[in-house]
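I open my notebook and list what I want to look up.

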Amino acid sequence: MESVSIAETVPIELWERITYYANAREDAFLGPPRDIVNICLVCRFLNSAVNFGDNPSLYARLFRFKFDYRAPLRRFGRDWLTSRSIALEFKKRIILLKQVRQKECSTQDLWTCYLMILENDGRNERQLIEWAHLYGYLKHETCVRYEATLDSTINWFKDTEATSLLLWLWWMTFSRDDVRIENSHVRDSLVYHLLHNLIVASFRYPKLYGPESHFKIPPAGCTWSSTPPTPVARVNHFSKELYLATPLLSVASFLIWTLRLETIRENTDFDLGAISSLPLDREDAIAHRTQGPTQADILKFHQTQIRAPTHCSLCEQSVERLLLSSDSRRYDQDWYRSWTCFDSLSITPSNHNAYVPGALLGDWEGFFVQTSLDDHIALVDDPNHMPSDPISLYRHPLYFTLKEHHCFHPVVPIGPGTDCMGGEDVLNAWLPQGLKIQQYENEIEVFDPVAQRNVRYETFLPGGLEGTKIAGSDLQLVPGTSRKLGNGYNYTNSFTLSKNESLNDILVTGKTSEENGAAWGHYLFIGRIRLWDGLIVLLRTPRDPTRSNLGRWLFRGYLHDGNFVGHWRETSTSPNLTGYQGEFVAHNRDGRNCM
């Protein structure tokens with residue numbers, strides 16, 4: 001009679017628990033599980049009981065110990081996240097951590113790193129940064145690609161997909177304190193070499209998730225854009241094959257460049273002698289009857305800083321209790337854009353997860369950059385042109401105060417207007433020419449000259465959708481709302497607002513404050529938000545219509561980490577051509593949009 005080992009007398013479920021707790025210790029949190037191999041070597045019975053192929057529930061539990069689970073649960077729901085799919089993701093990530101540590105990653109591995117940060121609530125970044133030494137890998141891989149020849153498939157300027165993913169990891173994993181202690185050689189190399197040429201020629205790289213030719217969902221074969229399309233990649237995530245739009249390279253490069261430039265300025269004494277001839281402040285300027293910026297205005301601009309990413313803190317509360325307070329919520333819109341904007345034709349008008357209503361409300365401050373017009377023309381005329389001498393970038397202050405105005409079903413919003421090409425008028429912020437707006441206390445009335453009708457929009461009040469303007473009986477939190485989206489899967493948003501489902505348009509109005517206008521010029525802003533990808537388009541015009549020399553500029557961009565970042569361009573060039581343009585970034589001083 002064959003003898004039975006003592007191990008076989010213990011139920012498999014108990015061995016699973018023993019194996020889990022042996023590997024789910026605080027001192028064993030970082031890196032691959034340490035003791036599974038030892039347990040598997042005890043006997044065949046234990047090997048069968050705890051090996052990966054026969055016990056996916058064990059590895060799903062280990063995933064939830066070592067990696068963040070709130071964002072996947074919130075975005076996909078439990079139907080997607082089976083024990084088998086979570087276990088397969090666990091195995092993939094353990095292999096990834098080893099490859100990052102060894103500095104041997106593929107583009108698919110970069111996608112996994114990027115998605116881990118989009119889902120980060122503290123655990124993912126610790127695995128990548130503390131165990132896999134992500135920072136060392138980023139420096140190594142960036143140098144390899146930057147030094148690659150122009151005909152190489154991994155060249156820094158040619159491989160848009162991989163370069164973009166690297167740059168977004170550079171941005172999302174570095175806090176301001178991290179940058180302050182960063183090696184000065186690395187920081188200077190990023191600012192003055194690796195990123196500089198990406199910024200001066202940013203029009204060569206994708207800057208929008210969908211074609212600018214259409215405000216609404218575009219019909220097939222009827223689109224154009226003045227920017228290259230963002231690459232689409234096939235990525236395995238939780239055992240599903242997804243098509244994802246690559247995050248925008250130009251946006252990440254500008255955010256990284258700005259954060260490090262601010263750090264360089266912190267360590268550089270400001271030359272007060274250069275502004276000594278200016279009035280001390282606005283009161284002094286009025287007394288001397290002078291116009292333009294004062295010393296106080298210059299110093300304020302010099303000290304302005306964008307919002308930098310912060311590291312997440314681990315919390316031991318249950319997943320269910322933390323779904324609404326999860327740090328990863330700040331990247332929900334980035335995930336949604338990447339997941340659904342790989343094909344704008346697959347998006348349905350009811351999907352409004354790419355923008356949080358009310359996020360633009362408040363006072364914004366930042367700057368825009370521009371090259372000389374001659375340098376810009378030379379870069380546009382020759383797509384491969386990049387002079388050996390650095391092209392100068394000029395920074396200019398950017399201030400505005402914005403309001404949002406919402407249109408709800410069944411009210412039909414105003415049309416997008418028509419441009420010189422017969423398309424929707426993006427150079428007029430997708431608004432009809434001759435638009436008139438009448439301001440009331442809690443709403444605006446917009447006259448559409450094309451349709452010859454008035455449309456009322458509700459002005460968004462501080463306090464958000466829980467405020468009195470929208471707090472009706474039809475407004476409540478609805479758990480578990482599920483929508484059919486692209487990639488053939490359902491997107492689950494655990495909590496949403498039922499009235500938000502009926503939101504069909506957002507108009508934006510704004511101006512520079514009297515204080516900032518006195519220093520840098522008075523402007524008016526009007527624009528629109530494209531709900532299906534969260535693109536914000538603002539048209540800036542001089543408050544004084546006789547000051548046409550101040551220009552009529554369009555600002556297009558998205559919200560990332562509490563920053564409004566994108567590209568400006570003049571509006572005299574045909575919309576489908578590369579006009580004179582540059583990049584801009586601004587942050588909300590009230591911190592209302594920090595998610």
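**Entry 1**

Which residue forms a salt bridge with Arg 530? I looked it up in this predicted model. The partner is Asp 533, and the closest N and O atoms are 2.7 Å apart. Next I asked where the two residues sit. Arg 530 is buried, with a relative accessible area of 0%. Asp 533 is also buried, and its relative accessible area is 0%. I noted a general point here: side chains of opposite charge can pair when their charged atoms come close.

**Entry 1: salt bridges elsewhere**

How many salt bridges does the structure hold? I found 28.

I picked out Glu 515, which forms a salt bridge with Lys 300. Their closest N and O atoms are 3.9 Å apart. This pair links distant parts of the chain, 215 residues apart. Glu 515 lies in helix H20 (residues 514-520), and Lys 300 lies in helix H16 (residues 295-303). Glu 515 is exposed, at 51% relative accessible area. Lys 300 is partly exposed, at 21%.

Then I turned to Glu 445 and Arg 456. Their side chains meet in a salt bridge, 3.2 Å from N to O. Glu 445 is in strand S6 (residues 443-448) and Arg 456 is in strand S7 (residues 453-459), so the pair ties together parts that are eleven residues apart in sequence. Glu 445 is buried, with 19% relative accessible area. Arg 456 is partly exposed, with 41% relative accessibility.

I also found a network of salt bridges. It links Arg 74, Arg 75, Arg 329 and Asp 332.

I moved on to helix H7 (residues 107-118) and helix H10 (residues 160-172). Their axes come within 10 Å and cross at roughly 30 degrees. The crossing of H7 and H10 is left-handed. Which residues meet there? On the H7 side I noted several, including Leu 110, Trp 111 and Ile 117. On the H10 side, Leu 165, Trp 168 and Met 172 are among them. I sorted the residues of this contact by type: twelve are nonpolar, one is polar and one is charged.

**Entry 2: cysteines**

How many disulfides does a search of the whole structure find? It finds zero. I wrote down what I was searching for: a disulfide is a covalent bond between the sulfur atoms of two cysteines. I still looked at two cysteines. Cys 143 is partly exposed, with a relative accessible area of 42%. Cys 312 is buried, at 13%.

Key
Residues are numbered from 1 along each chain as its sequence is written. This is a predicted model: local features need pLDDT of at least 70, side-chain atom pairs count only at pLDDT 80 or more; totals for chains, interfaces and linings use all residues. Side-chain values use heavy atoms; hydrogens and water are left out. A disulfide is a pair of cysteine sulfur atoms within 2.5 Å. Buried means under 20% relative accessible area, exposed over 50%, partly exposed in between (1.4 Å probe, protein chains only). Axes are lines fitted to C-alpha atoms, for helices over the stretch in contact, and angles run from 0 to 180 degrees between N-to-C directions. Helices (H or I, at least four residues) and strands (E, at least two) are DSSP runs, numbered from the N terminus. A crossing is left-handed if the near helix is turned anticlockwise from the far one by less than a right angle, and right-handed if clockwise. Contact means heavy atoms within 4.5 Å. Ala, Val, Leu, Ile, Met, Phe, Trp, Tyr, Cys and Pro count as nonpolar, Asp, Glu, Lys and Arg as charged, and the others, Gly among them, as polar. A salt bridge is a side-chain nitrogen of Lys or Arg within 4 Å of a carboxyl oxygen of Asp or Glu.
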